[in-house]
Amino acid sequence: MRAAVQCTHLRARPRRALGSTAVVAIVCATLTTALSGPALADQATPLSRPTSPGSTWNPSAMSSSATAGQAWRTVQQYAGEWSSPPSQLLNGETVDAPLVGNGDFGATVGGTIDNQTFYLGKNDFFSTPTNNNSVRPLGRVVLAVPGLAGSSYHVVQDIAHARIQGTYSLDGETLTATSWMSATENALVTSLRLSGSACQNAKITVENGSGGTPAVSGSSSVLDADVVADTSGMNNPQARMATTVVGGGSAISSNTLSLTLTPGTTSTIVTGFGASTETADWQGAADALVSSLTPADVSKLDRAHQAWWRRYWSKSYVEIPDKAVERSWYGSLYLLGSAEHGNSYSPGLWGPWITRNMNWNGGYFTNYNDEAAFYPGLSTNHIDQVSAFDQPVLDFVPAGLSRAASNGYKGVLFPVSLAPRGGTSANTYQAQKSDAVYMASTMVMHYEYTHDAKYAAKVYPFLKQVGLFWQDYLVKDSTGTYNDYNDASQENAPYPASNPNHVLGLIHLLMGGLIDMSGALGQDTSLVPTWNDINTHLAPLPTMARNNQTVFRETSEGLGWVDDGNDVALQAVYPGLRVGLDSPADLQQTARNTIGQLARWHDYNAPATFYAAAAMVGYNPDTIMANLHQEATTYSYNNLAVHHGGGGLENLNVTTSGLDEMLLQSHQDDIKVFADWPSNTSAKFGDLRAWGGFLISSSISNNKVQYIRAESQAGGSFTFTNPWPGQKVEVYRNGKDTGTVSGSKITIPTSRHHTLELAPAGTALKTIRTKLAEPLHVTPISSFSTGFESTDPAPDWADAVDTTGGGLAGVTGICCGLTGPQNSTRNETSHTGSGALMYSGSGQGGSAVHAFMKTFDLAGRPLAIGTGTTLSYWIYPQSNATTTWVPADSINSTCVAVDMVFTDGSPLRDSGAVDQNGNSISPAQQCGHLTLDTWNHVTVNLGASNAGKQISRLLIGYDNPNSTGGYRGYVDDLTIG
């Protein structure tokens, strides 16, 4: 029996005991909100935030149990992963690092465990000069365990549980770290647990946002650090970070706190945060939080955090065969929930992940960026996240009124970028009049998706002022047409510039919203004829001839066709919503022509709006899906953020709204399921939100829609296109059969919280509900083959550990500063052709030394194993004779096998399968059975022990307990069939 490790701990003031396990927490206290502006007067929040994703939680509005179950099952499949530290941390834009956040505070995790930095940001921590306010980094907390310098690096961003999990191993010592930003209390919690035979010294250094030493003070056990957003200007926000160790010894020197980590226990650090934007006693608030937090508080915080995210994920789900796009959809929603909460101030361009002074001042850009960051919450049924959008807009209304008046206009005039509490981050109009109407688009859609009269009352005064501007500014010519003159389509485009395409769409959206909200509120009925007249007689969308097709041009006078990475000519479709599948056929065709010729699938500013627009007009769905797949892979970081040079949070809208509009359309008051969906492609979705306040669920299989479930959250008429042409529709209302209806477009009256379940006539309710609760069924494939050539199926992952299919333990990089095992295609040594899959790593000793690396994803089309199905591959394990990175006389490289995970979650290695020589196909049992430095042919009769199963993904596994030193080799010509 191993003797207990004895560590010498630093002496500290006694604190309440933690027992055998403690928790590490970096805590940012939620303080009483006192944001300026009358709209927030009734929104001051006490210490505890609401524990639901919404400001209030109405049980009658909860998602169906079927949706909650499907969503939770699906989202748990996805995570971000790193086998080496992120590299894009200080570039002033979207980072490639692990991220956590709670809609107000965010943390970006960078560096190795001997110098790991938590970059802290806050949505509204802006400098406050007279103009051009800029978001500033709040501070940093640096965790250093110098004894683990050079350790392996494996970090997982678990989006289902909203946690970052890190594992760092060196010479038989392993440190695990789990971090999460509390969804309910602004608390970043990190647990550290050490295993092995030796203690490790750790240091926690608190820094200001630029990495310098802040003003420090405090007692013998509490380290206080005060920071300020900017040292120039007036009234810059200030903050205090108060750091201590709970339940363990520590010592403080300057801005550093030291402690000792002991094997078998968990160590704990807590940093309390107070900000001057939220309380006058921001220093005392931070200190009070640190002195009062107990282990029981942290456990309670964890339970509330998990409950919040479980409810968040229960709101909606999608399930499609393309698992890369599906993963991106859920990843975008994780970032949405981490950056935006309805009871917190809105995030700017980069969210709460602020690592330095950010590009474009990190402001609220009004000419598409800010709005597009909130559109994803609409169709995905995350309305609380969308609610965070409003306050910076409403705060600027007094200045907007003044600016309009000083320029000789009525209503409001907004600049190109706002900052918190009535400020600006780019005080210019750039020759555009459209910034306020662009901001109005999010609010109008919010209302149309919810029909929430209380929300309408909140934003209607602002929207009315935007409408007043356009009533005054538009010029009605002799034909009765309303024209928009001297309004640039592109930033700083020269005049004349008339009738910008996207602005006409946005004005149309605004006028329709004003009419609808006026009716819901019973206000301004005298203005409705004017709004209707503008809507009816607004100038037509400008067009031109190009390449023998009619396409949209940017303006009727001024810029025509522009190739610059934008899709301005298409934004009348989305977000202007001027064109859809119920529009005249020639208008739809013009939109499709424009999409085809623009082809802005992966350019700079365009993707955030381009995909939804393409789906809305019925563009080729296979083309849309293929490009979405590229967005989800080539154009995405490991943290699941879609990344383009044009900005940050707006890219959350790429796969969310792009995919949602393929599955469900409703903006023309006609709900269409699978409105633009590829043929022969199964799919399911649950509780996506449609206009009119309806939550829609549906499924398609073999090109046939199986059912529609519609929950009416606001009452009113449910109008839908019959997805069963020529057939009658069975209608179940609240579980009762009410007979059939017929027609190509059908309208059914509803009451609030009534549920309709629809299917072809004669379908039993039990059948609908059975299909509703089932996972997506896809047609499996029967064979797979790759030679790792450019024309063969390429691996879906490179150097990626399969955390649920075996994971990583005791393996680091083989050489050259690598921090993790490798598993990627190389043109070095091959069995046939020029390409092969190279594997490598280095064992660190200990009872568990393994690395199971994800390679091919077959989940979208699982491979069915029949009685005669065989796995075949060639493997070339290297010795010291062919690579110096493998020790002399080592057989490490032979302890490798192709592995697989079945759809039931079990792996091939545990199934009893054997190779042609009777050896278990487990990597550990292949050790010594392969010949070094030559190509070995391995075959496995899969059907003998696994017939009837389906393969979800293929792995390359290494398993060699107690081994040390490098392993390396190649796999080629892999076939299953």
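Among contacts in the protein chain between residues at least 6 apart in sequence, what percentage join residues at least 24 apart? The share is 72%, where contact means heavy atoms within 4.5 Å. This is a predicted model in which local features need pLDDT of at least 70 and side-chain atom pairs count only at pLDDT 80 or more, while totals for chains, interfaces and linings use all residues. Residues are numbered from 1 along each chain as its sequence is written, and side-chain values use heavy atoms, with hydrogens and water left out.

**Figure 1. The protein chain as a whole has 20 helices and 49 strands.** Helices (H or I, at least four residues) and strands (E, at least two) are DSSP runs, numbered from the N terminus. The radius of gyration is 29 Å, close to the 30 Å that the globule rule gives for 977 residues, so the chain is as compact as a globular protein of that length. That radius is taken over C-alpha atoms, and the globule rule is 2.2 Å times the number of residues to the power 0.38. The C-alpha trace spans about 95 × 70 × 55 Å along its principal axes. Of the 977 residues, 62% are buried; buried means under 20% relative accessible area, exposed over 50%, and partly exposed in between (1.4 Å probe, protein chains only).

**Figure 2. Helix α2 covers residues 282–292.** Its residues W282, A285, A286, L289 and V290 are buried. Seen down the axis of α2, these buried residues fall within an arc of 130 degrees, so they line one face of the helix. The arc is that of the directions from the helix axis to the C-beta atoms.

**Figure 3. Helix α18 covers residues 765–773.** The buried residues here are L765, I768 and L772. They cover an arc of only 65 degrees around the axis, which puts them on the same side of α18. K766 and A773, on the other side of α18, are exposed.

**Figure 4. N483 lies in strand β24, residues 482–483.** N483 counts as buried because its relative accessibility is 7%. Not counting residues up to four places away in sequence, N483 touches L474, V475, D477, N499 and A539. From N483 to G645 the separation is 162 residues in sequence and 33 Å in space, C-alpha to C-alpha.

**Figure 5. Y839 lies in strand β42, residues 836–844.** Y839 has 3% relative accessibility and therefore counts as buried. Y839 and G969 are 130 residues apart in sequence, yet 5.5 Å apart in space, C-alpha to C-alpha.

**Figure 6. S701 belongs to strand β30, residues 694–701.** With 19% relative accessibility, S701 counts as buried. Leaving aside neighbours within four places in sequence, S701 is in contact with S682 and Q706.

Figure 7. P575 is placed in the loop between β26 (549–552) and α14 (585–598).

**Figure 8. Y368 and H451 have positive phi values, although neither is a glycine.** For Y368, phi is near 140 degrees. Y368 lies in the loop between β20 (364–365) and α5 (369–372), and at 7% relative accessibility Y368 counts as buried. For H451, phi is about 50 degrees. H451 lies in the loop between α10 (435–450) and α11 (453–473), and at 35% relative accessibility H451 counts as partly exposed.
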